[in-house]
Amino acid sequence: MKKFYIIGFLVLMLFDTLAQISFKFASVHAMPLTFDWAWLVRVFSHPWIYGAFIGYLGAFFIWMNLLKHAPIGPAFAASHLELISVMFLSIWLFNEPLTFTKVAGAILIFAGVCFLAKDEENHSQEADLSKGVES
């Protein structure tokens, strides 16, 4: 089951990352922001907007499947790992600066996911032990 979670959350992170990066590329292409018909044509004529739709649809279906099996606390935290991947890809693709605040935030996100996963593992081991005592 652990392999299922790891693969599932990696695929979720890939779809979420695709959606965010695609939206960024589409928004750069659609500038200037004018909220008129020409702007909508610019947005929907760029292929990256469809990458964003695919990313969100894929993330939705993966997330719904993961929620059937994964505990909600660690699952919700792990679903935000794409913030780290988007940060690194934005530095590379869009020349965004890597700041101390971004690095600290990424470390805190990753640490939070690890702590929640470890806590859930401890709770499941305790539950297994208590089931063994009862039977």
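L57 counts as exposed in this predicted model because its relative accessibility is 52%, where exposed means over 50% relative accessible area, buried under 20% and partly exposed in between (1.4 Å probe, protein chains only). L57 lies in helix α3; helices (H or I, at least four residues) and strands (E, at least two) are DSSP runs, numbered from the N terminus. Together with F60, F61, M64, L67, I72 and F76, L57 makes a nonpolar surface patch of about 710 Å². Such patches are made of residues with over 30% relative accessible area and no salt bridge, with nonpolar side chains (Val, Leu, Ile, Met, Phe, Trp, Tyr) joined within 5 Å and like charges joined within 9 Å. A salt bridge is a side-chain nitrogen of Lys or Arg within 4 Å of a carboxyl oxygen of Asp or Glu. Two or more residues of the patch come from each of α3 and α4, and α3 gives the most, with 5 residues.

Residues are numbered from 1 along each chain as its sequence is written. In this predicted model, local features need pLDDT of at least 70 and side-chain atom pairs count only at pLDDT 80 or more, while totals for chains, interfaces and linings use all residues; side-chain values use heavy atoms, with hydrogens and water left out.

The chain contains 6 helices and 0 strands, in the order α-α-α-α-α-α from the N terminus. Of its 135 residues, 27% count as buried. The accessible surface is about 9,100 Å², and carbon and sulfur atoms hold 75% of this area; areas come from the Shrake-Rupley method with a 1.4 Å probe, and for residues only the protein chains shown count as cover. Among contacts (heavy atoms within 4.5 Å) with a separation of 6 or more, 71% join residues 24 or more positions apart.

The unreviewed UniProt entry places the feature "transmembrane region" at residues 43-63, 75-94 and 100-117; such annotations may be inferred rather than shown by experiment. In the model, residues 75-94 are 85% helix and 0% strand, with end C-alpha atoms 29 Å apart. Residues 100-117 are 100% helix and 0% strand, and their end C-alpha atoms lie 26 Å apart.

The largest nonpolar core has 14 residues, and those with the most contacts inside it are F9, L12, W63, A75, A78, L81 and V113. A nonpolar core is a set of buried Ala, Val, Leu, Ile, Met, Phe, Trp, Tyr and Cys residues joined through side-chain atoms within 4.5 Å. The elements giving two or more residues to this core are α1 (2-29), α3 (48-69), α4 (72-78), α5 (82-94) and α6 (100-134). Leaving out residues up to four places away in sequence, F9 touches W63, L66, A70, A75, A78 and S79. A second, separate core of 5 residues includes A30, W39, V43 and I49.

W48, also in helix α3, counts as partly exposed because its relative accessibility is 33%. Beyond its neighbours within four places in sequence, W48 is in contact with S22, F25 and A26. The C-alpha atoms of W48 and S22 are separated by 4.9 Å, although the two are 26 residues apart along the chain.

In α5, the buried residues are E82, I84, S85, V86, M87, S90 and F94. S90 counts as buried because its relative accessibility is 7%. Apart from residues up to four places away in sequence, S90 touches I21, N95 and E96.
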